Amino acid sequence: MIERSFVNFPSQAGASGMRFKREQATAISALVEPDRVHRDVYLSQELFALEQQHFFGNTWNFVAHASQLPKPGDYVTLDFAGRPLLVVRQADGSIRVLYNRCAHKGSKLTSEACGNAGKFLRCPYHAWTFKLDGAPLAVPLRSGYEGTGLAQCESGRGMTALRHVEVYRGFVFVKLNDAGPGFQEYFGEALQSIDNMVDRSPSGELQVAGGVLRNIIHCNWKMYLENINDTVHPVSTHESAVQAAESVWKGQPADSPKPMAIEQILPFGAGYDFFDRMGGRVYAGGHSLLGVNFSIHSGYALPPDYEAALVAAHGEARTREVLERSPQNAVLFPSLSVKGSPLAIRVIRPLAADRTLVEAWSFRAVGAPELLFERALSYNRLVFSPMSVVAHDDVHLFETIQQGLRSPGNEWVSLHRGFDPAEIGQGTLTTNGTNELLMRNQFRAWAHYMTLDMKELAQ
Amino acid sequence: MSTARLPDRTQLMDFVAAEARLLDAGRLDEWLALFAEDGRYWVPLQGALQADAEQHNSIAYEDRLMLSLRIERLKNPRAFSQQPASRSQHVLQLPQVDHIDHDANVYALHTPFFYAEARGEQQTLLTGAWRHRLRLEQGQLRIVLKRVDLLNAAAAHVAIQLFP
């Protein structure tokens, strides 16, 4: 079915290897044209393997939130881009990320999703122990290693710690490879969406709470990420959910207070004009902000006294800035989507070319009314749960796209809406809400980070 | 309330079995009518471990209004995720009557189940236990709380479109 091959011969050293890397980078870049993308970006298992190695190695990705690790020794584990990671709070309060692999035989140090390791990490297999930063502590029967090369090799140096870890206002990000820009340069202005969310707490502190809703969708991760910026689909895709909401709410007096669920679902029925006028913005590197002017979340009433508490903490101007911006979605490319109001994020974890894990996390803003947390729980449950009546139609469509794209006759996916050749190479650009620029910007960044270290290797 | 009309264990158990049968027959309006006005359908995210629906999220936590929304949507010709339609099968263990209190009008049952949801070529299997809290209203048993404790509630799930 997929005729093109991207890894059709094993990696080679020397001049032919360099030529191969160059050719591979050229072939991958050719999949992203200015106004469309080749279907292989969604379908190819070979490209998926290269993404795991290159794309998810060269980009900064969200792995955990500091509030999950309040005490030294607290850890969470996750599988990221095929690598087992262990995020652990150190004795000095900092956060480190280690590969969850014993330096000896490769056992995971822990197979729990979260817990507390105490003062050190101990492998269940042969009782090798490591400090919380991965440094080697002790092995049983040490005399057996005398005169051997253990201390001089990787296995003697302890667990491998990631070199590129950044905790930004509680959000923990990693970059696996040395290639690619530093954290601030990578995200730039896009970090304002995290600021907007965190500053909804008078003390500037968020706490993960209420559990994580987790979904398996049989589609490529990029389809899900694109759809986060797709403002043209709600009118048609979500017609059944919106009509049902309107039908059960019909007959209520106009001034009767809406239950939270109705308040959160009805705005999905906003028309094309609404979504177009909400505005979109792209930042260099694939990041975006949808709902520059307003969004389906703008109508949530402010709880009493909340505004005053924010003004006391952040001042009048900053409070206005925070509260007047309730983006539809802000994408911190490629794996994090942030709302702000509600206090909800989505984390996108690719599992295979045709399988994606999507997690919906809820937050409490410390010092803010409990209503904000209730809204986060309610929204995630209504819209991002495996039982969500809104998501069912999305998921169905993503899964049929994954199948439909195998059709011959057209190997390309159109991203033409609003295309202007002058947009290419620009940094931050603000546009109308239905412009597919937000998706084109993602794919341009995809090609860039996918080939970044291939080009470096080829030089 | 005349004692002659108070439910006995068999009637309580029959109620649960009949409820499952309505679900699997797709008679969802009749199923909804089994709920009390303040009734809730609850699938906690932590399964049997979860204490409440306020401090922790749920896969579903719905009052009659939300359940009616869900059922309305399933009837909509543009519920694309129902093309083809999903069908369900509950296989129940004999319900255990945990609690009978005629004075307080509280009846509680515990019913382990296997649940299959099929759609086209795909079939999803879930298992766990139902926990019913029932009340007698005008001589009819009504659901005050239908709690569905999934064994793997916190796992990542594919779309669950009907009612486990």
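A polar contact is a pair of N or O atoms within 3.5 Å; within protein, one atom must be able to donate a hydrogen and the other to accept it, and residues adjacent in sequence count only if both atoms are side-chain atoms. Please keep in mind that this is a predicted model, where local features need pLDDT of at least 70, side-chain atom pairs count only at pLDDT 80 or more, and totals for chains, interfaces and linings use all residues. Residues are numbered from 1 along each chain as its sequence is written, chains are lettered from A and ligands numbered from 1 in the order in which they are written, and side-chain values use heavy atoms, leaving out hydrogens and water.

**View 1. Chain B meets chain A.** Here 35 residues from chain B and 39 residues from chain A are in contact (heavy atoms within 4.5 Å). Asn57(B), Leu69(B) and Arg73(B) supply 20% of the area that chain B buries against chain A, more than any other three residues. Buried area is the accessible area (1.4 Å probe) that two parts lose on being put together, summed over both. For this pair of chains it comes to about 3,000 Å², with 61% given by carbon and sulfur atoms.

**View 2. Polar partners and a salt bridge.** Across the interface of chain B and chain A, 20 residue pairs are in polar contact, both residues being at pLDDT 80 or more. There are also two salt bridges between these chains (a side-chain nitrogen of Lys or Arg within 4 Å of a carboxyl oxygen of Asp or Glu). Look for the side chains of Asp393(A) and Arg73(B), which meet in a salt bridge at 2.9 Å, N to O.

**View 3. A cis peptide bond in chain B.** Gln83(B) and Pro84(B) are joined by a cis peptide bond, with omega about 5°. Most peptide bonds are trans. You will find Pro84(B) in the loop between helix 3 and strand 3 (87–92) of chain B; helices (H or I, at least four residues) and strands (E, at least two) are DSSP runs, numbered from the N terminus.

**View 4. Gln138(B) and its positive phi.** Gln138(B) has a phi near 45°, a positive value in a residue other than glycine. Its place is the loop between strand 6 (122–137) and strand 7 (140–150) of chain B. Is Gln138(B) buried or exposed? Gln138(B) counts as exposed because its relative accessible area is 74%, where buried means under 20%, exposed over 50%, and partly exposed in between (1.4 Å probe, protein chains only).
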